[in-house]
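Please look at the sequence and structure first, and then read each answer with them in view.

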Amino acid sequence: MIDWFRRLWPGGETAPENITCEEALARMYEYLDGELEPDWSEKVRRHLEVCRRCWPRFELERAFIDHIRARGLRPARKRDLEERIRTLLDEVESD
Amino acid sequence: MEDVGRGQRRAEFEAEALPHLDALYAFASRLTGGDEARSEDLVQATCLRAFERWEQYEPGTDCRAWLMTILRSTFINEYHSRRTKPTPVDYDDVAERSVFDGRSPDDPEARFFERIVDDRIVEAIDALPDEFRVPLVLSDLQGLKYREISDVLGVPVGTVKSRLHRARRRLQDDLHDYAVEQGIVAR
């Protein structure tokens with residue numbers, strides 16, 4: 001569980017030795033998707049440890065993507081599809 | 001003797017591949033934006049191709065993943081052949097403001113999407129324009145990396161990135177509008 005007490009940085013400013021909120025937000029999806037090069041990924045990670053403006057945003061975005069991933073592939077197959085595929089296989093086999 | 005071999009091949013295929021029809025159909029539906037006829041055609045074509053190449057499948061490996069790869073390439077072939085020119089997409093209509101701005105992850109209203117019925121989420125994905133929906137489906141529902149999506153769609157990685165990001169923003173805005181309409185969130 002991430003500790004809220006560590007998130008004392010007010011946001012919108014550059015944390016010491018770190019990147020700005022704008023720089024972090026510009027790379028948000030790449031960071032969440034694991035597509036950021038290691039040095040930038042580390043910078044964003046450190047920014048999130050101290051920025052109380054960006055961290056909630058990143059968390060909500062991550063939760064949203066996870067939710068879409070979990071719900072987006074709802075099966076809605078037509079009942080007779082399997083039967084039609086078996087018929088197609090019969091046809092292929094009889095060729 | 002030959003019939004026995006054929007019968008066994010068919011039985012193996014049915015036992016290994018057909019249990020994944022639901023997943024294949026769902027994937028096809030998201031790729032086609034909920035087009036039932038195209039989704040069924042896609043699943044049928046995938047099954048036929050998989051059956052023809054059944055010798056290439058190694059028993060015990062991930063049959064579902066193998067079938068998904070076949071479905072994806074079948075879809076992409078069709079996708080490219082259908083698209084003589086890209087559908088115009090308005091790239092300026094995505095508001096920069098996010099529905100998550102200034103919200104706490106603990107705020108139930110910020111997590112409005114968790115209170116929306118699954119069917120409506122699927123509908124919102126299907127309603128995205130092809131240019132946005134396909135990268136989103138390949139990334140978020142299939143777990144492909146930006147580079148892989150770029151190779152599959154034949155567009156630069158930067159284009160994949162911007163379309164995927166805009167797809168997510170559109171989806172958020174659409175689902176948020178719905179949540180407001182339904183009284184799930186106050187504004």
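Q: What makes up the contacts in chain B with a separation of 6 or more?
A: Residues 24 or more positions apart account for 68% of those contacts in chain B, where two residues are in contact if their C-beta atoms, placed from the backbone, lie within 7 Å. This is a predicted model, in which local features need pLDDT of at least 70 and side-chain atom pairs count only at pLDDT 80 or more, while totals for chains, interfaces and linings use all residues. Residues are numbered from 1 along each chain as its sequence is written, and chains are lettered from A and ligands numbered from 1 in the order in which they are written.

Q: How many helices and strands does chain B have, and in what order do its elements run?
A: Helices are DSSP runs of H or I with at least four residues, strands are runs of E with at least two, and both are numbered from the N terminus. Chain B comes to eight helices and zero strands, and from the N terminus on its elements run α-α-α-α-α-α-α-α.

Q: What share of chain B counts as buried?
A: A residue is buried if 20 or more other C-beta atoms lie within 10 Å of its own, with C-beta atoms placed from the backbone, and 31% of the 187 residues of chain B count as buried.

Q: Why are helix 2 and helix 3 of chain B called oblique to each other?
A: The axes of helix 2 (residues 21-32) and helix 3 (residues 36-52) of chain B come within 8 Å and cross at roughly 130°; axes are lines fitted to C-alpha atoms, for helices over the stretch in contact, and angles run from 0 to 180 degrees between N-to-C directions. Angles under 35 degrees count as roughly parallel, over 145 as roughly antiparallel, 65 to 115 as roughly perpendicular and the rest as oblique, and therefore helix 2 and helix 3 of chain B are oblique to each other.

Q: Which residues bring helix 2 and helix 3 of chain B together?
A: From helix 2 of chain B, L21(B), L24(B), Y25(B), A28(B), S29(B) and T32(B) meet R38(B), S39(B), L42(B), V43(B) and T46(B) of helix 3 of chain B. By class, this contact has six nonpolar, four polar and one charged residues, where Ala, Val, Leu, Ile, Met, Phe, Trp, Tyr, Cys and Pro count as nonpolar, Asp, Glu, Lys and Arg as charged, and the others, Gly among them, as polar.

Q: What makes helix 6 of chain B oblique to helix 7 of chain B?
A: The axes of helix 6 and helix 7 (residues 146-153) of chain B come within 10 Å and cross at roughly 135°, which makes helix 6 of chain B oblique to helix 7 of chain B. Their contact is made by V134(B), P135(B), L138(B) and S139(B) of helix 6 and I149(B), V152(B) and L153(B) of helix 7 of chain B, and by class it has six nonpolar, one polar and no charged residues.

Q: Where do the domains of chain B lie, and how many Å separate their centres?
A: The domain assignment, which is automatic or from a database, gives domain 1 (2-82) and domain 2 (86-187) of chain B, and their centres, taken over C-alpha atoms, are separated by 27 Å. The contact takes seven residues from domain 1 and nine residues from domain 2 of chain B.

Q: How many residues does each chain give to the contact of chain B with chain A?
A: The contact takes 37 residues from chain B and 29 residues from chain A. Helix 2 of chain B gives the most to the side of chain B that touches chain A, with eight residues.

Note on methods. A residue is buried if 20 or more other C-beta atoms lie within 10 Å of its own, exposed if 12 or fewer, and partly exposed in between; C-beta atoms are placed from the backbone.
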